[in-house]
Amino acid sequence: MIGHISSPARLARAATAFLAVLLVITCLSAVPASATETDAARFEDRILQLLNADRRDKGLRPVQRATELDSVARSWSGKMAGASRMSHNPSYSKQIPTGWTCAGENVAYGYQTPEAMYRGWYNSPGHYANMFDARFTHIGIGIAYRNDPDFGAMPYGTQNFAAYSGKTLTTTARPGSTPAGPPAGSVPGTIDDGGIGGSGNQFHLANSFSGSASSVYRYGTNTSRVYVGDWNGDGTDTLAYRVGSTFYIRDHAGAGPATRTISYGRPGDRVYVGDWDGDGVDTFAVRRGSTYHVKNSVTGGAADHVISYGRPGDDVLVGDWNGDGRDTFAVRRGGTYYVKNAIKGGNADAVITYGRPRDDVYVGDWDGDGVDTFAVRRGRTYYLANTIRGGAADRVLVYGRTEDTTLVGDWDGDRRDSLGIRR
């Protein structure tokens, strides 16, 4: 995967930095033996959905997908697939429509799903910088497949970004077979990245489902990732925030300095929180692909357990699914959840379908029975289920604003999880 950014003034002297991260071996989940233009169009559209959902989450305007940029991106992906080699397009900035003030390019190879390819870019600082550059107004996305005799259809991907002012480009039509978007005012499902996104450092925490906050306070920075956990085993969840691989943990609700600071994992790791050993204290696990490095204490150092579960492109959720007091993983693919009741690999212990593929999903013990279950969010409305099953929600409530970022925790120690929002 490679990222590149240009401006007219420095284009001629810009050096291309190569960062090839080819996950062909670790990403060989089921793919079609051959791929069609429809497959590519769906892949492209999903990348746009993921990107714009995260741009909104970060307070940035969505980028408009333009056919003029698509043609450049698709052409280059086709050339990479034909040559069976990933590289930059040295002429992309001359091929896209003129009048841009800033332009950039990301390319990737070997990620079998749009979620996996997007995560590959997201987890690389240079590619992340392109995707979340506030200057960019338009994007072109191109996917092309090379049919490998052993592995089937292998995707090559290109993103071309550009900043235009006052220039009209042709908006790319979404593929007709792509599911319709959510109702007006709802937020497209954001990708799981192991922490709470959004921006702001003000938290509005509700101790019940009344629709109003019980406490409001500030903690951390406006842009850092936020984590919720019972860090000291007192039965009450509080906040931690992360900068790089350093976690600033506060053991008490309310404003104030961190109670303690620890370092664990690497800055690019995805991080999850759970009570992995049932001792009442939440701790961290870091994820690299489909491998999890689980820590049973709030300290740095080596992991206590290393396991593999699911696929590198899966969204991951954490909960106590069977009420045994220990948190484990579940992976989500669309609206289907593969739930594991032990910290180990192998087949799922339960497979259920709940909600829609583009829903935002949260986990909590909503009724205090000791079992974590799912809730899905559409706009300001939350649909909570009290058992691990499909079907209708057990509770529907409205909380906060459409643009708010959601947290879940037991804020008052009553053994029932409730909602919080970040602004």
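Among contacts between residues at least 6 apart in sequence, what percentage join residues at least 24 apart? In this predicted model, the value for the protein is 57%.

**Figure 1. Overview of the predicted model.** The protein has 423 residues, and 53% of them count as buried. Its secondary structure consists of five helices and 25 strands.

Figure 2. The structure contains 22 aromatic pairs. F136 lies in the loop between α5 (125-131) and β4 (138-148), while F161 belongs to strand β5 (residues 152-163). The two residues are 25 apart, and the pair thus links distant parts of the chain. Both F136 and F161 are buried.

**Figure 3. Close-up of the aromatic pair Y362 and Y382.** The ring centres of Y362 and Y382 are 6.4 Å apart. Their planes meet at 55 degrees, so the pair is tilted; an edge-to-face pair would need planes over 60 degrees apart. This pair also links distant parts of the chain, with Y362 in strand β20 (residues 360-364) and Y382 in strand β22 (residues 381-384), 20 residues apart. Y362 has 15% relative accessibility and counts as buried, because the cut-off for buried is under 20%. Y382 is buried as well, with a relative accessible area of 1%.

**Figure 4. Close-up of the open sheet formed by β20, β21, β22 and β23.** The four strands follow the order β20-β21-β22-β23, and the pairing is antiparallel. At the edges stand β20 and β23 (395-398). Each of these has a single partner strand, so one side of each is left without a neighbour in the sheet. From one strand to the next, the twist averages 25 degrees. Strand β20 is joined to β21 (residues 373-378) by five bridges, and the two run antiparallel. In one of the pairings, G364 has T373 in β21 as its bridge partner.

**Figure 5. Close-up of two arginine side chains over tyrosine rings.** The charged end of R333 sits over the ring of Y338, at 4.7 Å from the ring centre. R378 lies over the face of Y383, and here the distance to the ring centre is 4.9 Å.

**Figure 6. Close-up of an aromatic cluster.** One cluster is formed by four residues: Y118, Y122, Y128 and F132.

How values were computed: Residues numbered from 1 in each chain as written. Predicted model: local features only at pLDDT ≥ 70, side-chain atom pairs only at ≥ 80, totals over all residues. Heavy atoms only, no water. Phe/Tyr/Trp six-rings, centres within 6.5 Å; stacked < 30°, edge-to-face > 60°. Buried < 20%, exposed > 50% of the residue type's maximum accessible area, 1.4 Å probe, protein only. Lys NZ or Arg CZ within 6 Å of the ring centre and 35° of its normal. Contact = heavy atoms within 4.5 Å. Pairing = 2+ DSSP bridges. Axes fitted to C-alpha atoms, helices over the stretch in contact; angles between N-to-C directions.
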